[in-house]
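Please look over the sequence and the structure shown below before reading on. The briefing that follows goes through a few topics in turn.

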Amino acid sequence: MLKFIKRHRLVVTFLCVAILLTPFSISKPAESDRMAVVTSVGIDKTEQGIEVSVNTIVPNSGQAGGGGGTDGTVKTVSATGTNVSTAFANITLVLGKFPGLAHCDSIILNKNLFEENVLEYLDFFIRTNNLTSNAAIMVAQNTAKEVVETAASQKGLRAVSVSEILLLNTEYALSKASNIDEFYLNTFSPSKTSMLPLITVGDSGKSNPDVDGGVAQTALNTNADKSVQSDSGSSQSSGSSKSLKSGANNSAKNNSTSTPQKAEESGSGNGSPEKIIKNEGKGVIVKNGKIVATIIGDEMNGLNLLSLDTKRGHIQIKNVNTPEFSNANLTFEIFNKKTSYSGKFVNGKPVFDFDIDLVLKLEEATQKTSNIKALTTTKNYVEGVVKTKLYQTAENSISKLINTAKANNADVFEIYDYFNKFHNSEWKQFLNTLENKDDYLNYVTFTLSLKLQGKI
Amino acid sequence: MTKKITGIQCGLLLCLTTISLKFLAFPSVFANYAGKDVYFSVLIGLMLDFSFVLIMLWVLKQNPHLTFFELIKRAFGKVVASVLLVCLFLYFFFRGVLVVKEIHNYFNETLFENIEWLMFVIPLFALIAFMMLKDFRTFGRTVQFFMPLIALALLFTILVPASEADFSNILPVFEYGVKNTFNAVLRCSFIFGDYLILFVLMGKIKFTPDAPKKVLTCVVITYTLVILFYIVFASVFGDVGINHSLALSDLLLYTSIITETGTINWINIIIWLIILFLEVGLMFLSASKTLTEAFNFKNRYIPTVLICVLLFISIVYLYLNLIRAIEIVTSLWFSISVIAFQVMLPILSVIATLKLRGKNKVTLRQVYNQSVVKYQLTNIVPSNCKTVFSNKKIKQVKNKKPSKINKEVQNA
């Protein structure tokens, strides 16, 4: 017997381990029976306490080929508790399963959570081992529950991955990753300032007769939509579930998102209007866990120009009179952009210089009278009056942003971080000269070197 | 048949010991003391380690055929040698326990929502017991086989987050003072001292003239990668590094490339599992070998069973969790004791070497009396042996029946 065991040690060991562990595992239920896959979380503050809404994928055994989040297999569940932990515990009871956050890719926060300190509502997520993905944080214009429910009603990948809506944010808006790690890094940085995207829920303009159980029928907050023009169906993508067009220039266009629908023929007014999640390129500045300002329009344009990472954007000038254009509105696309910055001390005061090189291409010209010369494509339009107006527009949007930042003491440019890293001793001396050290931004001089060229 | 490991295998085993404990929980422990200057603390610790590696290589060169036990026994006596070996055993045992807890953490947070404790521990114990029955040559070969994968995993883990890291986050240097950096080195001294594996490998290395060069090359490359990892860790997480107790996984989550290369990320995770299992096996094998030498166990199952029982008591019965283990390891008195031990051992080895200079040649009597481990048989040549036998004794030896040693030599 011993000789047999000695000769077949590996086989015997394997058999022992298998025999020992089989009774434990054979009677266990499947993981999918115990765990619910949560794809997005929404947090609201209500009178009863903290309401947490989650989107969970409900596997549909009738479908071959799997794929979560397709054709209405995403369900929204909400529960209220005294804090986020107890709310999640209550969700466990409602769901009958443990919420698994391993695939949670977005956390949507109600704007009113930022009234005191939003970090107390995010503390659960930063401590839990459950959240293994670097979830994106978004701020809901209205309620987070509405966003989560709307996401559940979307078709395709958008129902599962709400953060897809921010896919091009780094190129068009905000230019910063807004995931939980980055948010904490910025919150605990010397500048204590971070930016988060603001998303809304609006009508797509189409009605959907076949409304899923999870779709919210709450009244739409029309204030959000009044500020922008509706442009329904403007960004349909052909056959792809990723249709996003977000632009920095919010004064003229509404950046609406829509997912392609299998039933394109929307019922003739029978169903309720279909809700969609909208990324209008807006953002909020968060300082010390509180929202201090909202960035829209010109300020967002300015932020795009100043950021190192954004590569796209538009600059629009109005009432241009040149030999080719008469009282025209010209929209230039930023074809290429190179931004750099540097800081120095002049007479003990910090000076922060932005150096921006832009290559612009005329994208659209709208005027009441037609002029065939305006159709020339081999002309560099970035000259003369046009160039002057472009300078003025760019400088105005940057100035607006700087003034907003200074008024709210919001260091969106990370001035403190820059000087603290690269001019540490001088910066500390400068801070010591101030009565209120938090007020440093008002003493920083910003200079701008802007070079514009046209692209043929 | 010789069972010695080559110089490169020795270097790789030293690399594996260096990697252990430094990539999972301890980056956040370092960050707790040193903040953004974690990489500086690691640099100081590894520089000290490197100096001791040089000392140990000199000792090994002087005593290529002696084990650590034999060296200390000849210089200071058997009792001192046994005590030091028991301390070495405790060192590697506790290190192995920490690695087991880190593996459990890794399984719990990266791979499973919640893994059943018994389901995890029983197969792992069986694996550890199996590894303890092997020898360093098996380990050396295994590590040599997996080294290209291990190197790729390390590079992937470092370079992928580095591509999106903002390296200016490590500035300004020593923002919270130099004192904190040294405090971090003091408190986390347990994860240094990787050269102590060389004491266990003494006498088991085929010490060719280029062996030190190979060992040093492996060491320099590994130390560079470890420091780079900590620089990337500090760049990516900055002051928030204290929150990331699973640095290895969290760093890879930070980058967006991972979402597009899901399969490669999983391959990386699997390779890290291999690394972790090899680490835990190496630690307990070292513990087993030191225990065998200290108490002269003839049967290799005895130290294996002893260690498994101790492991059971410390991990299962006492339920020593990772947080409690880290608290013990980073306590002031424990750290000072560990540093004293890490410094004392090389110094004692140097003193012993100097003391025995010219006296440490192996005698034929010791070879035939099996007082020198049989690994050294093939390296014994008449020129490096002292002749102590008189003619009478040689005749007596000739008349005797061939001993077991002779038979083995003949068979080899």
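Which residues does K389(A) touch, not counting residues up to four places away in sequence? They are I317(A), K318(A), N319(A) and V320(A), where contact means heavy atoms within 4.5 Å. This is a predicted model, in which local features need pLDDT of at least 70 and side-chain atom pairs count only at pLDDT 80 or more, while totals for chains, interfaces and linings use all residues. Residues are numbered from 1 along each chain as its sequence is written, chains are lettered from A and ligands numbered from 1 in the order in which they are written, and side-chain values use heavy atoms, with hydrogens and water left out.

- K389(A) has its place in helix α11 (residues 384–407) of chain A, helices (H or I, at least four residues) and strands (E, at least two) being DSSP runs numbered from the N terminus.
- With a relative accessible area of 24%, K389(A) is partly exposed; buried means under 20% relative accessible area, exposed over 50%, and partly exposed in between (1.4 Å probe, protein chains only).
- A polar atom of the side chain of K389(A) lies 3.0 Å from the backbone oxygen of K318(A), and the C-alpha atoms of K389(A) and Q316(A), which are 73 residues apart along the chain, are separated by 9.3 Å.

**Chain A and its helix α12**
- Chain A has 13 helices and 13 strands, and buried residues make up 48% of its 456 residues.
- Helix α12 (residues 415–422) of chain A is mostly covered, with seven of its eight residues buried, among them Y416(A), Y418(A) and F419(A).
- The buried residues of α12(A) pack against β11 (328–346), β12 (349–366), α13 (424–432) and β13 (445–454) of chain A.

**Where chain B meets chain A**
- The contact takes 26 residues from chain B and 29 residues from chain A.
- Between them the two chains bury about 2,300 Å², 60% of it on carbon and sulfur atoms, buried area being the accessible area (1.4 Å probe) that two parts lose on being put together, summed over both.
- Across this interface the rule finds one salt bridge, a salt bridge being a side-chain nitrogen of Lys or Arg within 4 Å of a carboxyl oxygen of Asp or Glu.
- D166(B) forms a salt bridge with K421(A), and the closest N and O atoms are 4.0 Å apart.
- In chain B, α6 (117–132), α10 (211–237) and α11 (247–254) each supply at least two residues of the side that touches chain A, and α6(B) gives the most, with six residues.

**Salt bridges over all chains**
- By this rule the count comes to 13 salt bridges over all chains.
- D166(B) lies in the loop between α7 (136–162) and α8 (178–187) of chain B and K421(A) in helix α12 of chain A, so the pair joins two chains.
- D166(B) is partly exposed at 39% relative accessible area, whereas K421(A) counts as buried at 15%.
- D194(B) forms a salt bridge with K22(B), the closest N and O atoms being 2.9 Å apart, and this pair links distant parts of the chain, 172 residues apart.
- Both partners are buried, D194(B) with a relative accessible area of 1% and K22(B) with 0%.

**Cysteines**
- The structure holds zero disulfides over all chains, a disulfide being a pair of cysteine sulfur atoms within 2.5 Å.
- The sulfur of C15(B) is 4.6 Å from the closest cysteine sulfur, in C218(B), which is too far for a bond.

Key
A polar contact is a pair of N or O atoms within 3.5 Å; within protein, one must be able to donate a hydrogen and the other to accept it, and residues adjacent in sequence count only if both atoms are side-chain atoms.
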